[in-house]
Amino acid sequence: MNQSDCQKRINQSEKPVIVDFWAPWCGPCRVTKPVIEKIAREFSSAIEFLPINADESGEIVRKFRILGIPTVMAFTEGKVAARITGAQSEENYRH
């Protein structure tokens with residue numbers, strides 16, 4: 001995914017958007033990915049989830065100043081509403 005496509009999805013979504021920055025080699029990402037995917041399935045009608053492989057999307061990573069992964073960002077009406085970096089418990093992702 002390129003920066004333009006990502007920004008379009010964030011800006012044009014009628015629902016809040018959760019962006020999950022991850023990479024296949026990242027140990028903490030492998031632990032949290034199933035949790036994020038479970039929450040994504042549970043809230044699929046209310047929230048749009050957008051996983052972004054940090055290795056394949058350097059332009060997006062730089063735009064959002066992602067310094068560590070996993071990083072999960074929440075956007076409402078195209079604006080950053082929340083940001084969490086590092087592995088978290090399922091409870092923390094739900095808040």
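Is Ala40 buried or exposed? I looked this up in the predicted model. Ala40 is buried, because its relative accessible area of 15% falls under the 20% cut-off.

**Entry: surroundings of Ala40.** I placed Ala40 in helix α2, which covers residues 27–42.

**Entry: salt bridges.** I searched the whole structure and found six salt bridges. I noted three of them that involve helix α2.

I looked up Lys33 and found its side chain in a salt bridge with that of Asp20, at 3.9 Å from N to O. Lys33 belongs to helix α2 and Asp20 to strand β1 (residues 17–22), so the pair ties together parts that are 13 residues apart in sequence. I recorded both Lys33 and Asp20 as buried.

I turned next to Lys38, which forms a salt bridge with Glu90; their closest N and O atoms are 3.2 Å apart. This pair links distant parts of the chain, with Lys38 in helix α2 and Glu90 in helix α4 (residues 90–94), 52 residues apart.

Glu42 lies in helix α2 and Arg94 in helix α4, 52 residues apart. I listed Glu42 as partly exposed, with a relative accessible area of 45%, and Arg94 as partly exposed at 34%.

**Entry: network.** I found Lys38, Glu42, Glu90 and Arg94 linked in a network of salt bridges.

Definitions and conventions. Residues are numbered from 1 along each chain as its sequence is written. This is a predicted model: local features need pLDDT of at least 70, side-chain atom pairs count only at pLDDT 80 or more; totals for chains, interfaces and linings use all residues. Side-chain values use heavy atoms; hydrogens and water are left out. Helices (H or I, at least four residues) and strands (E, at least two) are DSSP runs, numbered from the N terminus. Buried means under 20% relative accessible area, exposed over 50%, partly exposed in between (1.4 Å probe, protein chains only). A salt bridge is a side-chain nitrogen of Lys or Arg within 4 Å of a carboxyl oxygen of Asp or Glu.
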